[in-house]
Amino acid sequence: MKRYTFALLAGLVVAAGCKDSTAVNPQDAPKADALAGPLIKSGLQTLAIAVLAADRQTFVGTGSAYPILANIYARDIYRLDPSEPRYLNETIVATPDRGSFAGGGGWAGQYVTIRQSTTMLQALANPSPGVFSAAELAAATGFAQTFKAIAYYRILEMRDTIGVALQKDDPTDTDPAAIICKKNMIAYVAALLDSANTNLVAAGNISFPWSAFPSGMTGFGRDYRKVTNFILFNRGWKGKVDLYRGLDHQNPNAALFTQAITELTQALGGAAAGAVPVSSFQTGMYYVFVPAGTEAAPNPYSDTRIGINPALDSVRAGDTRASKITTRTSVTIQGVTLTKTLTRSVPSSANQAAPLPVLKDEELVLLRAQAEFEAGQFVQGYADLNSVHTAYGLVAYTPGVDINQARDDLLYDKRYSLLGEGVQRLVDLRAYSRINATYYPKQTATDAYNTAFPIPKAEFDARNGNITPVCN
């Protein structure tokens, strides 16, 4: 990110990050004289960058729950800290404590993003006369709705069937809302993405009506200042959400797989199965990190305490993605020994500043292959999967019609293509019921095989312990 872009909002976001919760009075909406009264363009820019800053902040911090702790659940990446046993005790040794940073992590930061998005939407309802065109207001509305939906989906990635609190629009209303069940919340996320898309399409071929953008929206092969390109980003998220809606154990819906294929195809610019060029795989929206200075927000994977699970040794001969893994000084903590780590975890200023994709085309291709397999479209699924598989020096898979084999093939490539980029592995293993002894021998004597994080203690206490998800 450009340093000035987020530095101007440091006081707004950082001060808010520790307080935002659905159970307490949020203090996270931008508060500046420039935002008082009818909305003007400088105020809209402040609000829009605040949304992006809040969303990126969920990746920042030592031992970031999203995504570091989620990767421990997924048994890919461990973080061993001799002074902090909870990284293992609350993931693969025992169940998480809802009152700790581990068990209650990956929650408050997302609600900061949701509050920022809501604040932006409310401001857009009161524009200064003559300042914005109808198209500009529609574009900004679609932008805010998209990031609000993404933040809710990130909570679902961490909590799954435990449920998600729907944050109230009024920041002064401190009565906690009910915990919403997964199938209703993910349907809400899907609907919000569709509402955002409707607004973005209505905006037409324009750029967003503010001038400052972080470099991660413009520097990686696609200019997301343009609304037509941001629509691709929105449709990519909708396709991703619809794939996992289709796989939902509580409420599976096979019809959503073909819908996801359509949305992911749109996100890929209409390219047919197997036709997305390798040169565009890394194209997408990214967050860029700053290791020092006033912003001091390093890449969360750049941490010497991170290592690769010893069980992650299945990278195949000739797979050039093996370069993502390197040896490290051997360390043993709580009975777990690490001898390898992510290459990007080796200390360096470049690793601390390394960008992370929010959503890139390679993930979209793999998601479409996944949806194609689930829809029974094996020829198309293998065409997409092989376009990724062979790009890394491997011989193409022989297409078949065995769904279990197709899933195995798909999960191999998703694992190594997206290693160290997010929580995708946890979501996949949970969707296919693979976090168990059948697929992973016990990593510790009391391995808990946790699959989701609990509702944090503050939320639990605010509801007097009534956190049963509501599904009406």
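Trainee: Is the crossing of α9 and α10 left-handed or right-handed?

Mentor: Please keep in mind that this is a predicted model. In the present case, α9 and α10 cross in a left-handed manner.

Trainee: At roughly what angle do the axes of helix α9 and helix α10 cross?

Mentor: The axes of α9, residues 227-247, and α10, residues 255-267, cross at roughly 160° and come within 8 Å. Angles over 145 degrees count as roughly antiparallel, and α9 is therefore roughly antiparallel to α10.

Trainee: How do the axes of helix α12 and helix α13 cross?

Mentor: One reads the angle and the approach of the axes together. For α12 (residues 361-374) and α13 (residues 378-389), the axes come within 8 Å, with a crossing of roughly 155°. This makes α12 roughly antiparallel to α13. The crossing in which α12 passes α13 is left-handed. Among the residues that make the contact are V365, L366 and F373 of α12, together with F378, Y382 and L385 of α13. The contact of α12 with α13 divides into eight nonpolar, three polar and four charged residues.

Trainee: Is Q116 buried or exposed?

Mentor: A residue counts as buried under 20% relative accessible area. Q116 has a relative accessible area of 0%, so Q116 is buried. Q116 is found in helix α6, which spans residues 108-124. The C-alpha atoms of Q116 and L47 are separated by 7.1 Å, although these residues are 69 apart along the chain.

Trainee: What share of the 472 residues in the protein is buried?

Mentor: Buried residues account for 58% of the 472. As for contacts in the protein between residues at least 6 apart in sequence, 74% join residues at least 24 apart.

Trainee: How many helices and strands does the secondary structure of the protein come to?

Mentor: The protein has 16 helices and eight strands. Its radius of gyration is 21 Å, close to the 23 Å given by the globule rule for 472 residues, so the protein is as compact as a globular protein of that length. Along the principal axes, the C-alpha atoms fill a box of roughly 65 × 50 × 50 Å.

Note on methods. Residues numbered from 1 in each chain as written. Predicted model: local features only at pLDDT ≥ 70, side-chain atom pairs only at ≥ 80, totals over all residues. Heavy atoms only, no water. Axes fitted to C-alpha atoms, helices over the stretch in contact; angles between N-to-C directions. Helix = DSSP H or I, 4+ residues; strand = E, 2+ residues; numbered from the N terminus. Parallel < 35°, antiparallel > 145°, perpendicular 65-115°, else oblique. Left-handed = near helix turned anticlockwise from the far one by under 90°. Rg over C-alpha atoms; globule rule 2.2 N^0.38 Å. Buried < 20%, exposed > 50% of the residue type's maximum accessible area, 1.4 Å probe, protein only. Contact = heavy atoms within 4.5 Å. Nonpolar A, V, L, I, M, F, W, Y, C, P; charged D, E, K, R; others polar.
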